Amino acid sequence: MSLVKGVIFDESVLFVEGDFDDKNVSSLKPGVESLIKTLFLSKIHIGIAYSIKLQHDKVSILKRIASLYSLHCFIINDPVNEVVLPPWCDNQPGSIIYLVSSKKEFLLTKFRSYNWLIVVLNVGGESGSESSCDTLNIENLEELPFTICRLNKKLTGNSFLTVGYVMKPSRVEDFAKRGAFPLCPTQNGLMFVPLTAKLPLSSQLKDVDIVLHKATDEIVSVEENKFTFTQNMQELQRYLDQHQDLCVVDPLINIFPLLDRLEIQQVLLGLLELNTKGGYLIRGAHFLKVDNFREVDFAAGLADAGLSLPCIVKPKVACGVGDAHKMAIIFRVDDFKNLNVPLPAVIQEYVDHSSTLYKFYVLGEKIFYAVKKSIPNADILIKSSTGNDLKPLEFDSLKSLPTAESVIVDSGASNKSIDIKLVTDAANWLRRRLNLTVFGFDVVIQEGTHDHVIVDVNYLPSFKEVPDDISIPAFWEAIRNKFGSIVSK
């Protein structure tokens, strides 16, 4: 037996239920395209085999799918011409899975002649033949990735680890397109499978060694500092509470500080212990919490908090809800009264930083950074306003950040080089303080003082600014090391 490297779908498992040659059924089963996409992005070879008698409209559907994902689509029973198998097919037993409907079991003898491992999808409430050394049975298409992982683990004596991940589809696709979620084992022995709501969660987690999640994708609502998660996430949390030996990247309790801008600002106050006499300072931004914009003496409050105008106003809730990224830059005290930023809010120091933002990514013990354009200095913002009308500059930080690229920047403004050792020390301090495996934070360097100011911290960022050939292996290593630290306890 060898590791599974390819899957061939028989056309009988792809179309909606009915007889596999039913001429009235010409639509794909729900979940088929999603599964093919998962396998495609997981670096598994995929083929589609169909009967020479299959009606034209169904063949057209299969060829569309094959074209979309660059799959091999071929006739399996041509009586005249020799079957042209995909080039990645070989005679190593078990390396290729042939997925076929239980209604086509009478053809299994032919399929076995290719040394393929036959996986039978039971359809129509029927039970297929009993599993054997070269035949397995599944009840749902979504079971296939877990079947592949079980086969690979069995072959290697469980030296591989299965990582079950849960996050929103767009994020999954972003990571998967960059090769971060392969179903084929990574060089350090990880296999990634999606946790799906279409199967009982407990049955999936029995095959999982590590859970990777982006819980902020699963937030439904926030009321009075209480986060409500999706049913699937709540079920996952209950399972984890009952199976505390299961490795999680990272426990929900560890990411909670990053969901609250006030709490993370208070955490950042502890950075002062890293500062040494004569060196540059690393710190969080000065801040002030407000519960309303009308009854506060902002002139006094800002001064007491070490703040001055302009300043930036952010919702206290950092993520997970639609308006968590609705912000404003304020130039005048009077403008707080009619401000359209969700409450409670955090007023944060606006740091002049020559439009340069340093994005740091912590992947286990590895630390990377990238440099990006950012909001321009206050004087540039003021110059770019219409006339003397300094209205609040409102924006959504996920969509329309007012970067320096959209205004005229003073070419004389410059920023000295960043103190990498200082920020690396801060990254390691944050990793220990928050007990997180994968997170990111943004640093700006204040003009004049050269203070290194951390203005944002977030969990499981995309780290797409770091080249994939560097960041993805570090990501895998961080996950594997997290598992190792749990096992060694």
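Biologist: What share of the 489 residues counts as buried, and what makes a residue buried here?

Modeller: In this predicted model, 53% of the 489 residues count as buried. The label requires under 20% relative accessible area.

Biologist: And what is the protein built from, in helices and strands?

Modeller: There are 13 helices and 22 strands. As for contacts with a separation of 6 or more, 68% of them involve residues 24 or more positions apart.

Biologist: Okay, on to α9 and α12. Why are they called oblique to each other?

Modeller: Look at the angle: the axes of α9 (residues 261–268) and α12 (residues 420–434) cross at roughly 120°. Roughly perpendicular covers 65 to 115 and roughly antiparallel starts over 145, so an angle between those ranges is oblique. That is why α9 and α12 get the label. Their axes come within 11 Å, and the crossing is right-handed.

Biologist: Which residues make that contact?

Modeller: From α9, Ile264, Val267 and Leu268; from α12, Trp429, Leu430, Arg433 and Leu434. By class that's 6 nonpolar, no polar and 1 charged. Arg counts as charged, so Arg433 is the charged one.

Biologist: How do you know that the length of α13 is close to what's expected?

Modeller: Helix α13 (residues 468–487) has 20 residues, and its first and last C-alpha are 28 Å apart. The expected span is 1.5 Å times one less than the number of residues, and for α13 that gives 28 Å too.

Biologist: Which residues of α13 are buried?

Modeller: Among them are Ser471, Ile472, Phe475, Trp476, Ile479, Lys482 and Phe483. Each falls under the 20% cut-off.

Notes. Residues numbered from 1 in each chain as written. Predicted model: local features only at pLDDT ≥ 70, side-chain atom pairs only at ≥ 80, totals over all residues. Heavy atoms only, no water. Axes fitted to C-alpha atoms, helices over the stretch in contact; angles between N-to-C directions. Helix = DSSP H or I, 4+ residues; strand = E, 2+ residues; numbered from the N terminus. Parallel < 35°, antiparallel > 145°, perpendicular 65-115°, else oblique. Left-handed = near helix turned anticlockwise from the far one by under 90°. Contact = heavy atoms within 4.5 Å. Buried < 20%, exposed > 50% of the residue type's maximum accessible area, 1.4 Å probe, protein only.
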